[in-house]
Amino acid sequence: MADHTLPIPGPLNTERPGNAAFLEWLHSWIVTVDHKKIGILYIAYALIFMVVGGAEILLVRVQLAFPWSGIVSPGVYNQLFTMHGTTMVFLMGMPILFGFGNYVVPLMIGARDMAFPRLNALSFWLTAFGGLMLYSSYIGGFGLYGMGNAPDVGWFAYAPLTSKLVTPGHNTDYWALSLIVAGFGTLGTALNIVVTTISMRCKGMKFSRMPLFVWLMFVTSAMTLATITPLTASQVMLEIDRYLGGHFFDPAAGGSPLLWIHFFWVFGHPEVYVLVLPAFGMANEIIPVFSRKPIFGYSAMAAASVGIGFVSFSVWAHHMFTVGMSAASNSFFVLSTEVVGIFTGIKIFNWIATMWGGRIQFTTPMLFSIAFVFQMLIAGLTGIMLSVAPWDWQLHNSYFLIAHFHYVLLGAIVTMVFAAFYYWYPKAIGRKMSERLGKWHFWLFLIGFHVTFDIMHVVGLDGMPRSIYTYPADRGWLWMNVVITCGAFVQGIAVLIFVWNLIWSVRHGKVAGNDPWDAWTLEWATSSPPPAYNFAQDPVVRSRRPLWDIKHPNDPDWKYEP
Amino acid sequence: MMRRRLGLASIRLHVGIFAGLFFVSLPAIAENRFVSTNTFLPESTPARDIYYLALFTLTLAGCFFVVVASLLFYAVIKFRARKSDPEHEPAQVYGSTQVELAWTVIPIILIVVLFLTTARIIFAIQDAPRPKTDLKVTVIGHQFWWEFRYPEYGIVTANELHIPLSTPQNPDATYLTLLSGDVDHSFWVPELGGKTDLIPNHPNEMWMDPQKAGVYYGQCAQFCGLEHSLMLIRVYVDTPSQFAAWVKNQQKPAVDDPNVAAGRQIFETEACMACHTISGTPAIGTYGPDLTHLMSRGTIAAGAVENTPANLRAWINDPSTFKPGAHMPAMHLSDEEVNQVVAYLTTLR
Amino acid sequence: MTTASVLVSEGPHRPSRGVVGMACLIIAESAIFGMFIAANVFYMGKSLSGPTPAILSPPIFNTVCLLASSLTIVFAERAIVRGKIRIFSIYLIVTILLGVKFLVGTGREWSDLIYNQNLTISTNLFGTTFYSLVGLHATHVILGLLMLSVLLVFTLMGRVNESHSERIKVLAMYWHFVDWVWVAVFTTVYLVGR
């Protein structure tokens, strides 16, 4: 393993004896404004909610394995799937991706911290408290047995189901208010990443020399500014309806539930691109390193990302093909959706071309990355199927749709996040994760994932809709649901192995040097873990792969880059 | 909407009920008595158009998948690191404009083809010319049941739709106008067509022309609250003579059997008539389903259970037996009263 | 690990963090305003009963005051860059007063609408969309005035000098946004809507 570094002193030694050390350590985490610690806080927070959200859906899967199973009542079931969706999107997906962004982006651009460190901390705590507020809903109301006032209106909370008339309890309010709070946190981090990328790049790092992960976090964060805000606005409107007598979504006063649907998906569609683009960014870093080649087509990848950023704001109504828009409107959204699919599709070719002619090392991060490419291919294709509006009139709100978006969320995004964990954990902790446990995690997750979600497409084609707590015994969906449930539990075991790996490796992982993977971007030029100030001297770069240039002085990248 | 607070005893009760229903449904599972809601078994023109478009898209996507996945697996196998590799790194290739152009243009062409095909079908279904004979039905979605009105015939019924068969000699399409009385719903009978939503203040329209007689199944496909799962649909596609007979029967006022006068009396003095209509009687409530010809329906509670006297009795005693969250309250009648009401209802053919 | 925060500054020749950050905030806020404007436009003419936009009289003078405050804050910025604290504080005070006049005017308009015209947020679609959009804007004016007032207090305490002109520029950007988004709100509510 190469260990070339820029000259830096070692990490500061702040060991203190006795109990004071633990309290001091805890305190340091609470008051920190260091982007690395905040990144880890986000990630740890997201992992806790991954387990909680996973438990919720396992309960759902047990309920659905058999018709009329009666494991949970309809009310509790509706709360479980609502909380599962809300948790996984807002308390797992966003935090974990922005957590990685927080940790890695300043290091990759040669900066000492984010542009606004205190805003960074505030943003994390806002997100954290938003999540706690959402989960306190389980305890409110009637208490744990009756599952309290947890939201039960679906993560999309369509009006007028959410009106005070139809749903008088506080469930909807927990949903709206906690997401407004968490949303401000998300906006703060997004703003921070945009400003950091624009204002904090080290000398020589033009935009065209930034690592693609930074490009993608930048585009994601810029998108987020105009993505979360529609949701915040809509939730404010909803609360005005519920408490100030407003009529935004009130049919009795001439209001239109259709407005909520438009507004929600104006948020909802760009949101899923906000979730997927960081995963693309991770792939753009990890696949080249383990193929021992640079990313194929850097410019096209950067341009495609920006393209996706813009075009994704024009496709939202493909979630609404069944609401009764005109044929012309439906056709427009078919076209815009398929166009954005092209931008995404060509990335898959770029990843394969990166591997082509390389020397692929099957480390755990690379295994997950290969699975990511395969699964993103399928996810993209089922997305194209759903974009065919007449077919969507069958597939919408069926289990085919659930299979598609879980292919993206789990098969692409979470798979790539797993890869990112194995890849950057050594940098953050100083030790590598166990490859043995990693391989167990990988294969179990792969098998469980495919067992569940491949079959799920079929039961959707067979007419099974979503959001149902049971189904008639004569529909013939029994065996498919049993299989899907089994796969879910296998995935659960895989995730537990992963969590165990994270914990075990802190003490027992193989010591990683500064640069265990022989990689090429600036974060690998610091110690593992990096000191608080990241770089003692501000780095100066001449190409997209500064460490390649150092390691190969006779064949530096800047000779070949435009 | 009444929110049920669940205590431990109530949970045990419901687990028991669901366990009971589960075991009751085992015979259906065992005997393979299945009904089909398969989107790939279309029996109506819109469903068939969608089916062929789906096959076309699947083929396109499938070919694309095979090509790309093969390339991926080939690369992963052929270019794996081997011990025999030389020390230096492999050739550092940054890109290739020709290759990237090619793999951008080809998908664009595929997308253009797919889009044009799709647009044609969208217009074909949404803006289809209306045939000479068509049946108009107004569908009103409620939490958690379907109201069907036939304005041309003066019929009001619930949950089970009867529509005429369409044949090449006698094409007969049914046009559904979709309205909602409360929240968003969606009408989905997969074998007869795609789904269309029922949104308050936003009337929608869809059509179907089933070409095979029989019973078709579906359910609400837009989450609408606690019992969304049990807002089922049955569509009876009748031959012209069957349909005419059904219409004739539905147009009659309710059967007035003097033997069940006691039950009718209870129905009209208790709260029942506040919510239900039985035509020809003082009961003109519209909050719940029209019961004039209740016994012409195979199920009750929007398809949740079979329409049998035993189920009727359980339902009237306490609807949460089958459907906790249904808006009908438990009627708190004595056993004698319930039996009389059931006896009355079972005469409403 | 040390708990000390690391001093951050921009990279060499990079745009100012404050300016870029405020631009991001403005983008986000524009999206929020955009949603309320969209709701306004969607529901134009759709109220089933109750007062219609015909009862509105465009607050021309109020608008002039608010837009004038954009001008006075530009003069204030110019003054602070040249270290002219006195002139800066005068223009700052005028800006704040113009903003307060705008708020008072809005309050008067609302008082008339509520008590004389019977239009509240719950009256009908017009009421809901009107008060929420204009109220959203007024909230931002209040926030801006609060920040300007804090700045004024620091100025009067003698703590502000030309080294703070970059930060003051960032605050002024926010104030400009508040003023010019009013143009969009005004156009939607009082011009297009009536």
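Me: Happy to start with confidence: what pLDDT does chain C average?

Reply: This is a predicted model, and chain C averages a pLDDT of 94. The score is the predictor's confidence in each residue, on a scale from 0 to 100. In chain C, 96% of the residues score at least 70.

Me: Where in chain C does pLDDT stay under 50?

Reply: That happens over residues 1-5 of chain C. For this stretch the model has 11 contacts beyond four places in sequence. For the complex, the predictor gives an ipTM of 0.95 and a pTM of 0.94.

Me: How do you know which pairs of chains are in contact, and which pair shares the most contacts?

Reply: Two residues are in contact if their C-beta atoms, placed from the backbone, lie within 7 Å. There are 2 pairs of chains in contact, and chains A and B share the most contacts. Chain B and chain C have no contact joining them, and their closest C-alpha atoms lie 12 Å apart.

Me: What makes up the contact between chains A and B?

Reply: Chain B brings 93 residues and chain A brings 83 residues. On the side of chain B that touches chain A, α1 (8-30), α2 (45-78), α3 (97-126), β6 (185-188) and β7 (196-198) of chain B each supply at least two residues.

Me: Why can the size of chain A be said to agree with a compact globule?

Reply: With 562 residues, a compact globule would have a radius of gyration near 24 Å, and chain A has 24 Å, so the value agrees. Along the principal axes, the C-alpha atoms of chain A fill a box of roughly 70 × 55 × 45 Å. Chain A has 15 helices and 0 strands.

Me: What share of the residues in chain A is buried, and what makes a residue count as buried?

Reply: The test is 20 or more other C-beta atoms within 10 Å of the residue's own. In chain A, 68% of the 562 residues are buried.

Me: Which residues have the most contacts inside the largest nonpolar core?

Reply: That core has 328 residues, and those with the most contacts inside it include A:V194, A:I352 and A:M416. Helix α12 (residues 399-429) of chain A gives the most to this core, with 23 residues. Leaving aside neighbours within four places in sequence, A:M416 is in contact with residues including A:A279, A:M282 and A:F372.

Me: Which residues of helix α7 of chain B are buried, and why can they be said to line one face of the helix?

Reply: In helix α7 (residues 309-317) of chain B, the buried residues are B:L312, B:W315 and B:I316. Seen down the axis of α7(B), they fall within an arc of 95°, so they line one face of the helix. These buried residues pack against β11 (299-300) and α8 (335-345) of chain B.

Technical notes. Residues are numbered from 1 along each chain as its sequence is written. Chains are lettered from A and ligands numbered from 1 in the order in which they are written. This is a predicted model: local features need pLDDT of at least 70, side-chain atom pairs count only at pLDDT 80 or more; totals for chains, interfaces and linings use all residues. Helices (H or I, at least four residues) and strands (E, at least two) are DSSP runs, numbered from the N terminus. A residue is buried if 20 or more other C-beta atoms lie within 10 Å of its own, exposed if 12 or fewer, and partly exposed in between; C-beta atoms are placed from the backbone. The arc is that of the directions from the helix axis to the C-beta atoms. A nonpolar core is a set of buried Ala, Val, Leu, Ile, Met, Phe, Trp, Tyr and Cys residues joined through C-beta atoms within 7 Å. The radius of gyration is taken over C-alpha atoms; the globule rule is 2.2 Å times the number of residues to the power 0.38.
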